[in-house]
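Below is a short report on some helices and strands of one model. Please look over the sequence and the structure before reading on.

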Amino acid sequence: MRAIRFDQPRVVSLVDTPPPPPPGPGEAQVRTCRMGVCGTDIGGYLGKFPFFSYPRIPGHELGVEVVAVGHGVRNVQPGDRCAVEPYMNCGTCFACRNGSSNCCVRLEVIGVMCDGGLRERFNVRADKLHASWRLSFEQLALVETLAIGSHAVDRGAAKPGEATLVIGAGPIGLSVIEFARLRGARLAVMDLSQDRLDFCKRTYGIDGGIIPRDDGSELDAVHAFTNGDGFPLVFDATGHPGSMVGALRYLAPTGRLVYVGITSQPLTFMQATLHKPEVTLLASRNALPKDFPLIIDLTERGKIDTTPRITRRLPFADLPTGFAELAVPRSGMIKTIIDVAS
């Protein structure tokens, strides 16, 4: 069966893999129909994502069809369309026992630490499948990236009417915006790309578009938006160390800063920058099982519209060379969907 494999950074192969065995107890065999290309996949291709190992079949934003189930599986059946919760946790460690399976000490994310979905079929734990007959495979492939935003907004405890800044309007930042909007936060967005700020205005009606400047003059826009107070809540979804450190300057006293993006580089700042304003610094990792049915329900009810996010569709035949092109930042590009079934 066809699969795309990262052999090492910037080396991509189209390979033939043996068909998976019949699913075992608690497993389902699925056919990959659509895959969303994530910053993690691009980071894995470039060799810049800290948890990635090689060789690896990428792909964790997936819309799949169940083709067979193993003994004891009751939550899905052949023919079901599903989103995949790609976090394979152990269920027994401290984090799992305390409801934080996203931080499992033995966590394996498919497509990152173990092989993912950029192949025709594979076996997966059935409890990691979330079915919907109303959503398309494209919509289901976007559930995981939306789940990152849902969990981050929970971590930041966004409040109705609270001035909130999202730094980085890529796919993850847009997912944060989606759920902060649903919470009723008063949103501003910061990004280097005017095209992305225009997208946020056009799609979400967010007029508070701010471009960071080398001279720090963006602080004038921050103070204007917050009446000089700074933001009580800031999310940094860039994964850029300079941005992640600089985000501290936009906080109000006692503000909350949530790091959603991830970097392999160290972050360095003066301790007094945290201490003096009594900042709460939070990290947000992956998502929780509860986020997936929530997002499916919100999308089914039209509360979330995934259509504007998809700015490119790529057939499987255009891989593996397509990853080199996807790794080049493009104006107006938000989310690429790969048609794995083509």
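## Helix H5

In helix H5, the buried residues (under 20% relative accessible area, with exposed meaning over 50% and partly exposed in between, for a 1.4 Å probe and protein chains only) are Pro171, Gly173, Leu174, Ser175, Val176, Ile177, Glu178, Phe179 and Ala180. Nine of the 12 residues of H5 are buried, so H5 is largely enclosed by the rest of the structure. Helices (H or I, at least four residues) and strands (E, at least two) are DSSP runs, numbered from the N terminus.

The model is predicted: local features need pLDDT of at least 70, side-chain atom pairs count only at pLDDT 80 or more, and totals for chains, interfaces and linings use all residues. Residues are numbered from 1 along each chain as its sequence is written, and side-chain values use heavy atoms, with hydrogens and water left out.

From its first C-alpha to its last, H5 reaches 17 Å, close to the 16 Å expected at 1.5 Å a residue; the expected span is 1.5 Å times one less than the number of residues. Gly184, with a positive phi near 85°, follows H5.

## H5 against H6

The axes of H5 (residues 171-182) and H6 (residues 194-204) come within 12 Å and cross at roughly 30°. Axes here are lines fitted to C-alpha atoms, for helices over the stretch in contact, and angles run from 0 to 180 degrees between N-to-C directions. The crossing is right-handed, meaning that the near helix is turned clockwise from the far one by less than a right angle.

Contact (heavy atoms within 4.5 Å) is made by Leu174, Ile177, Glu178 and Arg181 of H5 and by Phe199, Cys200 and Tyr204 of H6. By class, this contact has five nonpolar, no polar and two charged residues. Ala, Val, Leu, Ile, Met, Phe, Trp, Tyr, Cys and Pro count as nonpolar, Asp, Glu, Lys and Arg as charged, and the others, Gly among them, as polar.

## Helix H1

Seven of the eight residues of H1 (residues 39-46) are buried, so H1 is largely enclosed by the rest of the structure. The buried residues of H1 pack against strands E1 (2-8), E2 (11-16) and E3 (27-36) and helix H11 (322-326). Just after H1, Gly47 has a positive phi of about 80°.

## Strand E17

Strand E17 (residues 335-339) has four of its five residues buried, so E17 is largely enclosed by the rest of the structure. E3 and E17 run antiparallel, joined by three bridges; strands pair if DSSP finds at least two bridges between them. Gly36 has Ile337 in E17 as its bridge partner.

E16 (residues 310-315) pairs with E17 in the parallel sense over five bridges. Opposite Asp339 in E17 stands Pro315.
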